[in-house]
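Reader: I have a new structure open and I'd like to learn how to read it. Could you walk me through it, one feature at a time?

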Amino acid sequence: MKTIAMIPTYNEASNVRQIIDDVLNCGTENIEVLIVDDMSPDGTYKIVEEISKTNPKVHLLLRKEKKGRGHAGKEGFLKALEMGADYILEMDGDGSHSPKYIPGFIKTIKDCDVVIGSRYVHGGKDEERTLLRQVVSNFSKFYLASVLGVKVKDPTSGYRKFKKEALASFAHKLQAADPFIVTEVLYHIKKNGLTVKEYPIEFLSRASGESKLRPWTLVKYLFKVLKLRISKN
C-alpha cells in the first residue's frame, strides 16, 4: 500500500531537504514525497528537482499558473491520486508538522477515512499556543460546528491523511485559491459522510524562514464559511 506525502511549498529552500529526508525515513515502508511548488523565488523547486534525479521516491509538481495554497493543494491531491497512491498525506513544508507521526497516522486510518493531526486532543500540543492562537482556534471550532456541522477539535490543522477513495470523492470539486482549502476539505468530508479520527501531534514552530500565515488571516477565512455553506447547498 503506497503512501504519498503531498507537500505544497513556497520559499522553503531552507527546509525542504530536511523535510524530504525526515518523511522518507519516518519508519514507514512504501512512502514517497510529492512536492508541489509555485515557482518559489528562493529556488525551492530547484533543490527538489536535483534530489528527484537520484531518488525515485521524490517527485516535483512545478506550478506556473493559478498560484496559491488552495490551487496547489488541489493539483497536488489530484496528482497523488493519478500516481496511484493508496493513501495521501497532506502536510506543511515548513517543519511544523513532524513526520514522526506518520506511522501513527497509518495505523489509525485503518478504522476511518481521514486522520487529522490534532493539537487539541489528549496528548497533543501547540508549541506556539499564544492567547491569540487559542482564541482563533476555539472560535474556529465553534463556528465550523455551528455553520457546517463539522465537529473536530482542530479544524485548522493542515496535517491530514486520506484513503484514496475518500479523497477521490471530492478532490476535483475543490475551488479555494488560498489556505481556505483546509476548511473546504472539512466541508466535503462532512457532506460526504466520511469518518474522521484525530491523532495527537505537537505543532512545532517552523524550522526556519518566515511564517506566511497570521492568526488574523485565519479569522478572515472563517467569514468565507457562510458563503461556502450557501453556495454548496
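**Reading the model**

Author: Let's start with a glycine: just after H7, Gly193 takes a positive phi of about 70°. Helices (H or I, at least four residues) and strands (E, at least two) are DSSP runs, numbered from the N terminus. Before we go on, this is a predicted model, where local features need pLDDT of at least 70 and side-chain atom pairs count only at pLDDT 80 or more, while totals for chains, interfaces and linings use all residues. Residues are numbered from 1 along each chain as its sequence is written, and side-chain values use heavy atoms, with hydrogens and water left out.

Reader: Which residues of H7 are buried?

Author: Buried means under 20% relative accessible area, exposed over 50%, and partly exposed in between (1.4 Å probe, protein chains only). In H7, the buried ones are Ile181, Val182, Thr183, Glu184, Val185, Leu186, Tyr187, His188 and Ile189. That is nine of the 11 residues of the helix (181-191), so H7 is largely enclosed by the rest of the structure.

Reader: And which residues of H3 are buried?

Author: An α-helix has 3.6 residues a turn, so residues three or four places apart point the same way. In H3, the buried residues are Gly70, His71, Ala72, Gly73, Gly76, Phe77 and Ala80. H3 has 14 residues and reaches 20 Å from its first C-alpha to its last, close to the 20 Å expected at 1.5 Å a residue; the expected span is 1.5 Å times one less than the number of residues. After H3 comes Gly84, with a positive phi near 90°.

Reader: How many salt bridges are there?

Author: Side chains of opposite charge can pair when their charged atoms come close. A salt bridge here is a side-chain nitrogen of Lys or Arg within 4 Å of a carboxyl oxygen of Asp or Glu. By this rule the count comes to 10. One of them joins Arg63 to Asp38, with the closest N and O atoms 2.4 Å apart. This pair links distant parts of the chain, 25 residues apart: Arg63 sits in the loop between strand E3 (58-62) and helix H3 (69-82), and Asp38 in the loop between strand E2 (31-37) and helix H2 (44-52).

Reader: Which residues are linked with Arg63 in a network?

Author: Asp38, Arg63 and Glu75 are linked in a network of salt bridges. Glu75 meets Arg63 at 3.4 Å, N to O. Arg63 is buried, at 2% relative accessible area, whereas Glu75 counts as partly exposed because its relative accessibility is 34%.

Reader: Are Arg119 and Asp154 buried or exposed?

Author: Both Arg119 and Asp154 are buried. They form a salt bridge too, with the closest N and O atoms 2.7 Å apart.

Reader: What about strands: which way do the side chains of E4 point?

Author: Tyr87 and Leu89 point one way from E4 (87-90), Ile88 and Glu90 point the other way, and all are buried. Two strands pair if DSSP finds at least two bridges between them. E1 and E4 run parallel, joined by four bridges, and Met6 has Glu90 in E4 as its bridge partner. E4 also pairs with E7, in the antiparallel sense over four bridges. There, Leu89 has Lys161 in E7 as its bridge partner.
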